[in-house]
There are 2 protein chains.
Amino acid sequence: MIHLEEALGIILSKAETLPGERVEIPSSLERVLAEDVHADFDIPGFDRSAMDGYAVMARDTSSARSDRPLILEVIADLRAGYRTKKILREGKAVRIMTGALLPQGADAVVMVEDTKEEEDRVRIFRKVNPGENISFAGEDVKKGELVLKEGSLIRPAEVGMLAALGKEKVMVRKRPRVAIISTGDELIKVGDRLEEGRIYDSNSFALFSQVMKCGGIPQRLGIAPDKKEELILKIQEGLSFNVLLLSGGVSVGTYDLVKEAAEEAGVRILFWKVAVKPGKPTFFGIRDHTLVFGLPGYPVSSMLNFENLVKPAIYAMLGRKEKRIQVEAVMESSVRSKGRRRNFIRVKLVREKGEYRALPAPSQKSGVLKSMVFADGFIIVPEEIEEIKKGEKVQVQLLD
Amino acid sequence: MIHLEEALGIILSKAETLPGERVEIPSSLERVLAEDVHADFDIPGFDRSAMDGYAVMARDTSSARSDRPLILEVIADLRAGYRTKKILREGKAVRIMTGALLPQGADAVVMVEDTKEEEDRVRIFRKVNPGENISFAGEDVKKGELVLKEGSLIRPAEVGMLAALGKEKVMVRKRPRVAIISTGDELIKVGDRLEEGRIYDSNSFALFSQVMKCGGIPQRLGIAPDKKEELILKIQEGLSFNVLLLSGGVSVGTYDLVKEAAEEAGVRILFWKVAVKPGKPTFFGIRDHTLVFGLPGYPVSSMLNFENLVKPAIYAMLGRKEKRIQVEAVMESSVRSKGRRRNFIRVKLVREKGEYRALPAPSQKSGVLKSMVFADGFIIVPEEIEEIKKGEKVQVQLLD
């Protein structure tokens, strides 16, 4: 039995970053940047008005007051997207709209609210300082600047920024292809009739969804029975993927053939059994470039080990710098932990009087999938802790 | 100028929940449940062994100790997915695997680690209590139980649960179709050559991505120039969607024709100008069942008003019960807020000594899209507050 960190270290040492591919920017959402993106030009590319109003020479306005307005002659009218050849000189103003290129000679803009227009003249009721109400060239982004870093997740703001930078396409990391096999003679395919002593295969659906959410391309290869030859055939099919997830049949029982079948299919097992609860009977191995995970059949164990072991591997293949946000909460009731293994307690977060309270799922058993449906996240209980008491402050790792 | 809550109230009073549609469960991920889901049967459907070991009558084992083992005759071998007709009686045991149906007569399971098998007999080294190491029928879900509630977001755990319940398809809310139009003569289409005084249209890409992320189906209808007739035509095209997002041209300038064009296209404007910063010049209206939002042209204003006004509307159409998670953080530096409008300060979260520190984006200007790229979330500063001081505790609303 090895510690979670050790297990993770072995996995990450085998996860290779995938190559990049160029995609159109609207398709880059939720993908991971595979290149640094620099700006080819300033944004904005020119000094522009930040307001609707009048472009002026600031020093002209020094005497302007609400009770003694300054009068300037309006020599042009400038809309965003247009420019004028006229040069602003003393005593003149240019009517200007938000986003329009500042005319030559102007060094400030008076907001329209501080003016009154009269035919071809304007009354200015307030003094402005040089630079006032102007967005200068490069205010957002400077030419040559490193704007987006390789390894960043592309969110809506990044897609917008790529467009602002004039990029039609961007290099993102290829998504790892992940095969999923459920094993066990007790499993029935959803859609078939349930017989006594059997259960529907749910792990392959939960794993499919988890792979989707963390950026992989999942494919369900179906259910393999507890027969070694058939298991080997299915595993061989899965070995053409970047990652192969097996669920079930990894315990100590006589019919837990999955690890053996994987070995016979050429998988080199690097560890078996991790000191986590739930999820101890888990193995990891490789065959050529394929990472192979043998996950427990219990649905909660399978999902949590995905979170803790498989997702970091997928992120590593994507070159994604993970940033997990933890939320502080107060335990609503005590929970015992057996110790010796790191324990993952599923909790719901409830907001009360400005703080979060963590409600443990009523059953923390690894067979109770409802605890995952109930939960917003989980508390990681270190090996040496045997109880978390009601009222204690805890850090909750969010599931989404 | 109206308050954010009032604006939101008006919007939500017009947002109608869309009808449902049945989809295959792997496609239901990230969709919103449009029905309550009850269990048609217990999960598990039968009492089963929670361990690999030996099914026994608990009272048989009362004398078993590590130094004085009990010897039982093994009368059958049970794997998950199979059953036996044999009935367990005193002095007998059945070898049983995790997940297998408990044989008749047995009321406990001894873990394999507490036994030693010898041909057709087994030594039991530990006493077990009735029910020990058994998962009883209905332990996870009881027949008839309400398992998933209408309005829930379907996450991986919910997809797994739907499979466990034997559902092939599930009723989810239809996704709202959202049209996006960028307006302004200063906008250049990404891919075209940038000219002086112009900028690339980025808002339609950011909005497209925001719509995707919150569960709508976005469609970019292109850039409309500042000509009323052309604006009206584009708006009419957008009115066949559930939601129409316009960006730009909603301020007080002479060429801010968007609101007027919308009115001439038959949109009834319900409010204009919201007391938020950034994002004041925003309008909302309806035409038949289409919600129409006129968002500011500044990229940050457009994105934040999407978060604060459009996203709640889309969630309402999806019938989604929103649960926003806030993270407590300590301000890393002071930020001034002008007051009178609710202010949204973009911050990055940095973990330090077990707590989060909130780093305000260096520029909080509404034209600086980089502040959104920088940010993990935002702080909502109430109207009456004029400064948040370094060291103050704040609640950060996460962007993702």
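These are my notes from a first look at this structure, which is a predicted model.

**Entry 1: the parts of chain A.** I began with the domains. Chain A divides into domain 1 (4–16 + 175–317), domain 2 (23–40 + 150–173), domain 3 (48–135) and domain 4 (326–398). I then looked up one spacing: the centres of domain 2 of chain A and domain 3 of chain A, taken over C-alpha atoms, are 38 Å apart.

**Entry 2: where the chains touch.** Next I turned to the contacts between the chains. I found 76 residues of chain A in contact with 76 residues of chain B. On the chain A side, the elements giving two or more residues are α2 (156–164), β15 (199–200), α3 (203–213), α6 (299–317), β22 (326–331) and α7 (370–374). Sorted by class, that side has 40 nonpolar, 18 polar and 18 charged residues.

**Entry 3: how the copies are related.** I laid chain A on chain B and got an RMSD of 0.0 Å, with a turn of 180° and a shift of 0.0 Å along the axis. This is the relation of a two-fold axis. I also asked myself which residue of chain A comes closest to the rotation axis. A:Val327 does, with its C-alpha at 3.0 Å. Of the interface residues of chain A, 100% are also interface residues in chain B, so the copies meet through the same surface.

**Entry 4: a helix in chain B.** Last, I checked whether helix α2 (residues 156–164) of chain B is covered, and it mostly is: nine of its nine residues are buried. Among them are B:Pro156, B:Glu158, B:Met161 and B:Leu162. Just after this helix, I noted that B:Gly166 takes a positive phi of about 80°.

Definitions and conventions:
Residues numbered from 1 in each chain as written. Chains lettered and ligands numbered in written order. Predicted model: local features only at pLDDT ≥ 70, side-chain atom pairs only at ≥ 80, totals over all residues. Buried ≥ 20, exposed ≤ 12 C-beta atoms within 10 Å, placed from the backbone. Helix = DSSP H or I, 4+ residues; strand = E, 2+ residues; numbered from the N terminus. Domains from an automatic or database assignment. Contact = placed C-beta atoms within 7 Å. Nonpolar A, V, L, I, M, F, W, Y, C, P; charged D, E, K, R; others polar. Least-squares fit on C-alpha atoms with pLDDT ≥ 70 in both.
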